[in-house]
There are 2 protein chains.
Amino acid sequence: MSVTILKGNIVSAPALGKLDITEHGYLAAEDGVIAGVFDCLPERFASAPVEDWGECLILQSFADLHLHAPQYPMMGMGMDLPLLEWLDTYAFPAEAQFADPDYARDVYRRLAHDLIAGGTTRVCLFSSLHRPATLILMEELEKAGVTGFVGKVNMDRSGGAGLRETTEESMRETLLWLDACGDFTHVRPILTPRFTPACTDELMAFLGALARERNLPVQSHLSENRQEIELVRRLCPACGQYWETYARYGLWTDRTLMAHCVHSDARERRAMRDTGVTAVHCASSNNAICSGVAPVRVMLDEGLKVALGTDVAGGCSLRMFDAVADTVKASKDRRILDSWQTNFLTVAEGWYLGTTAGAKFFGAGNGFAPGDRLHALVLDDGELAAPARPLTVRERFERCVYVRQPDAIRAVWSDGRRVFG
Amino acid sequence: MSVTILKGNIVSAPALGKLDITEHGYLAAEDGVIAGVFDCLPERFASAPVEDWGECLILQSFADLHLHAPQYPMMGMGMDLPLLEWLDTYAFPAEAQFADPDYARDVYRRLAHDLIAGGTTRVCLFSSLHRPATLILMEELEKAGVTGFVGKVNMDRSGGAGLRETTEESMRETLLWLDACGDFTHVRPILTPRFTPACTDELMAFLGALARERNLPVQSHLSENRQEIELVRRLCPACGQYWETYARYGLWTDRTLMAHCVHSDARERRAMRDTGVTAVHCASSNNAICSGVAPVRVMLDEGLKVALGTDVAGGCSLRMFDAVADTVKASKDRRILDSWQTNFLTVAEGWYLGTTAGAKFFGAGNGFAPGDRLHALVLDDGELAAPARPLTVRERFERCVYVRQPDAIRAVWSDGRRVFG
């Protein structure tokens with residue numbers, strides 16, 4: 001049995017708003033499975049080698065539950081455009097390039113490396129509609145040590161020049177893609193109807209049946225932008241609300257991720273809660289594309305499952321540290337928008353959403369839960385400007401969400417394996 | 001005569017929303033004074049050495065018009081607290097440490113270096129109330145190549161343990177400090193009543209007279225937070241509005257900077273415009289301390305002077321790239337808050353506010369104006385993930401506000417001198 005013992009200041013978020021802090025403690029794993037966090041090393045580990053990280057923080061690694069892999073090279077551009085125009089001008093042409101497997105290989109290798117280097121070890125990614133590029137993405141993620149789900153995008157009624165598939169092509173390519181996914185161990189397929197405006201009813205029905213038959217999870221977009229919602233209303237007059245365009249085809253289950261949910265009202269939110277659909281909050285892109293400010297505090301109070309996504313490249317940072325900070329910031333904007341009547345999210349709450357809450361979609365427990373596979377990172381803040389008094393570990397933890405030194409992440413473990421540093 | 005010729009992709013913001021872009025152009029300076037930006041190098045420079053920066057962007061350096069130097073070591077902490085509580089718990093105790101000159105030297109040397117390394121060459125800084133530490137700050141800025149204004153803070157009625165001065169001490173120390181400022185060439189004094197709640201009428205009257213007699217600029221805070229405004233109302237019942245607490249003592253002139261102005265209403269904004277007071281927008285801290293979202297678009301439409309400040313450590317980044325991005329983001333929040341009725345600020349507009357608009361407080365012209373001292377930086381983005389098509393310089397410029405590679409800033413010039421890289 002291989003044993004990993006990490007010594008340092010261990011911080012995890014076992015519940016919303018709660019932090020477990022063990023100063024100069026030990027995080028132990030056996031064959032990649034967490035044994036526990038300890039103040040003193042238990043006797044049975046007495047002969048195991050200890051990696052002593054000194055004053056460094058040992059933190060949960062991140063789960064990024066919404067990200068468009070082929071848009072990574074366009075990150076930070078076109079941010080002055082609204083959603084539908086931005087899709088046509090930037091996102092769709094960028095995705096069309098992934099017909100080229102060599103280009104896909106280059107971009108996805110870079111992306112997979114950058115995810116790990118940034119401490120993101122669990123993901124749910126949108127690929128493009130291209131089957132070969134999607135498989136390349138899965139390969140590169142596996143190689144780099146990223147775990148999670150990847151979806152070949154289905155889109156048979158939008159996309160523009162160079163980014164089209166017929167309904168029949170979309171179905172056939174999806175089946176071929178699923179057949180080819182058996183080789184992967186850490187990256188699994190997730191059905192990915194782009195969003196209702198991009199998928200015909202026939203395609204939606206096909207994907208819903210497939211989800212049921214093969215017990216597959218589903219990811220898509222919901223109620224991001226007011227123009228988009230209006231478009232869905234025109235396209236699907238039979239559905240009372242946007243979520244019903246997914247639900248009526250069996251795409252609305254407790255293994256469904258819905259990105260954004262900015263404008264989801266009480267009824268739509270209730271449908272999410274009752275079914276166990278996870279709302280993936282994308283604070284950066286909601287602001288960048290001027291969609292609105294999602295009512296995350298209300299969602300949490302109502303008992304919805306909420307996790308975080310960077311939403312690259314509607315969002316403009318791949319770093320989940322930024323996604324956590326942006327979530328806290330957006331909750332403050334929401335508080336202002338609500339005339340200071342709703343509470344903002346604290347850093348500890350934002351951190352929980354970016355780690356434990358996301359990890360639950362993959363079956364993980366709370367914080368560094370014994371029995372979970374080890375997903376962790378080591379963060380060094382020893383080179384930051386030093387205050388005159390010693391900082392508490394909690395203060396240093398809070399600071400790292402906003403301020404980090406270059407190369408702050410010293411090491412990363414994913415699914416029990418050391419994958420960085 | 002010494003000649004500097006920089007070759008690269010030159011971008012500047014000569015007016016709000018306007019960009020001058022010269023691809024593979026030449027930025028020429030003679031004895032540190034800008035001669036012009038040229039497509040082809042004029043004959044008179046034919047024998048001068050050219051620094052060829054290849055595909056790099058050559059940009060204006062930044063002006064940070066509001067920043068609390070002694071709070072730098074606390075950056076990123078206490079962000080879950082409201083303003084007045086945050087001041088008592090974090091800001092004031094942090095500032096009290098600057099009674100120790102050795103500590104001040106360490107922090108301010110670091111700060112000055114980090115400002116330059118981040119491309120900020122013009123500043124208006126709050127020091128603490130300590131005269132020796134304030135002079136140390138000025139020394140360290142001069143050494144590093146930062147130009148601008150620094151203020152010994154005046155505060156004779158708040159601050160807590162270890163951070164108090166009597167009215168008499170505040171006056172005496174201010175005069176002694178001003179006497180000692182004659183040695184500096186690039187950093188000049190600015191009168192700095194902390195804010196109305198921290199200064200007695202007697203002290204305000206003294207500072208107003210001093211500003212007039214010695215023709216000194218003034219910086220302070222205005223209408224940042226609703227509790228603060230209520231406090232000012234109670235403290236100064238004779239004044240109809242917050243701004244009048246400065247105006248009645250002669251602290252309200254066209255050389256006055258007022259940070260925040262989040263809740264300044266039409267009447268207060270008119271008073272700013274009519275006098276030529278500059279509103280310093282601090283997007284990051286306005287959000288972090290949950291103060292509100294300043295109506296910057298309205299201010300600009302009304303003809304107010306607006307510049308940007310990082311407001312470290314209410315703000316949680318020293319980088320003016322972030323201040324520009326945060327300004328754009330805040331304007332999108334403001335648009336949402338205004339039910340999508342006000343336009344957000346484009347990247348080009350945010351950039352103008354962080355560069356040209358701030359530089360005007362120091363007498364500079366528009367963009368890379370001939371006759372101005374050279375303030376510039378070279379930015380490399382060649383290592384970022386590459387899209388399949390060539391990007392325009394404008395796209396790369398827009399991206400750099402949101403996304404930069406490590407060590408993206410290759411060189412910085414301040415007041416005609418190369419100070420970094």
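Visitor: What is A:Met77 in contact with, leaving aside its neighbours within four places in sequence?
Guide: This is a predicted model, to be clear. In it, A:Met77 is in contact with A:Trp86 and A:Tyr90, and with B:Pro387, B:Leu391, B:Glu395, B:Glu398 and B:Arg399.

Visitor: Where in chain A does A:Met77 lie?
Guide: In the loop between strand S5 (62-68) and helix H1 (83-96).

Visitor: Does A:Met77 count as buried or exposed?
Guide: Buried, because its relative accessibility is 0%.

Visitor: Back to B:Glu395. Which residue forms a salt bridge with B:Glu395?
Guide: B:Arg389 does, with the closest N and O atoms 2.8 Å apart. B:Glu395 is buried at 9% relative accessible area. B:Arg389 is partly exposed at 34%.

Visitor: Now the interface. How many residues of chain A are in contact with chain B?
Guide: 46 residues of chain A, against 47 of chain B. The two chains bury about 4200 Å² between them, 59% of it on carbon and sulfur atoms. A:Asp80, A:Cys290 and A:Trp340 supply 14% of the area that chain A buries there, more than any other three residues.

Visitor: How many salt bridges across the interface of chain A and chain B?
Guide: Zero by the rule. There are 24 residue pairs in polar contact between the chains, though.

Visitor: Which elements give two or more residues to the side of chain A that touches chain B?
Guide: Helices H2 (101-117), H9 (283-288), H11 (320-337) and H13 (393-402) of chain A. H11(A) gives the largest share, six residues. The residues on that side divide into 26 nonpolar, eight polar and twelve charged.

Visitor: And over all chains, what does the count of salt bridges come to?
Guide: 56. One of the pairs is B:Glu30 with B:Arg44, the closest N and O atoms being 3.8 Å apart. B:Glu30 lies in strand S2 of chain B and B:Arg44 in the loop between strands S3 and S4, so the pair ties together parts 14 residues apart in sequence.

Visitor: What about A:Arg233 and A:Glu230, how far apart are the closest N and O atoms?
Guide: 3.0 Å, in a salt bridge. The two residues are about one helical turn apart, because they sit three residues apart in helix H6 of chain A.

Visitor: Last one. What pLDDT does chain A average?
Guide: 96, and 100% of its residues score at least 70. For the complex, the predictor gives an ipTM of 0.97 and a pTM of 0.98.

Note on methods. Residues numbered from 1 in each chain as written. Chains lettered and ligands numbered in written order. Predicted model: local features only at pLDDT ≥ 70, side-chain atom pairs only at ≥ 80, totals over all residues. Heavy atoms only, no water. Helix = DSSP H or I, 4+ residues; strand = E, 2+ residues; numbered from the N terminus. Buried < 20%, exposed > 50% of the residue type's maximum accessible area, 1.4 Å probe, protein only. Contact = heavy atoms within 4.5 Å. Buried area = accessible area lost by both parts, 1.4 Å probe. Salt bridge = Lys/Arg side-chain N within 4 Å of Asp/Glu carboxyl O. Polar contact = N/O pair within 3.5 Å; in protein donor to acceptor, adjacent residues only side chain to side chain. Nonpolar A, V, L, I, M, F, W, Y, C, P; charged D, E, K, R; others polar. pLDDT = per-residue confidence, 0-100.
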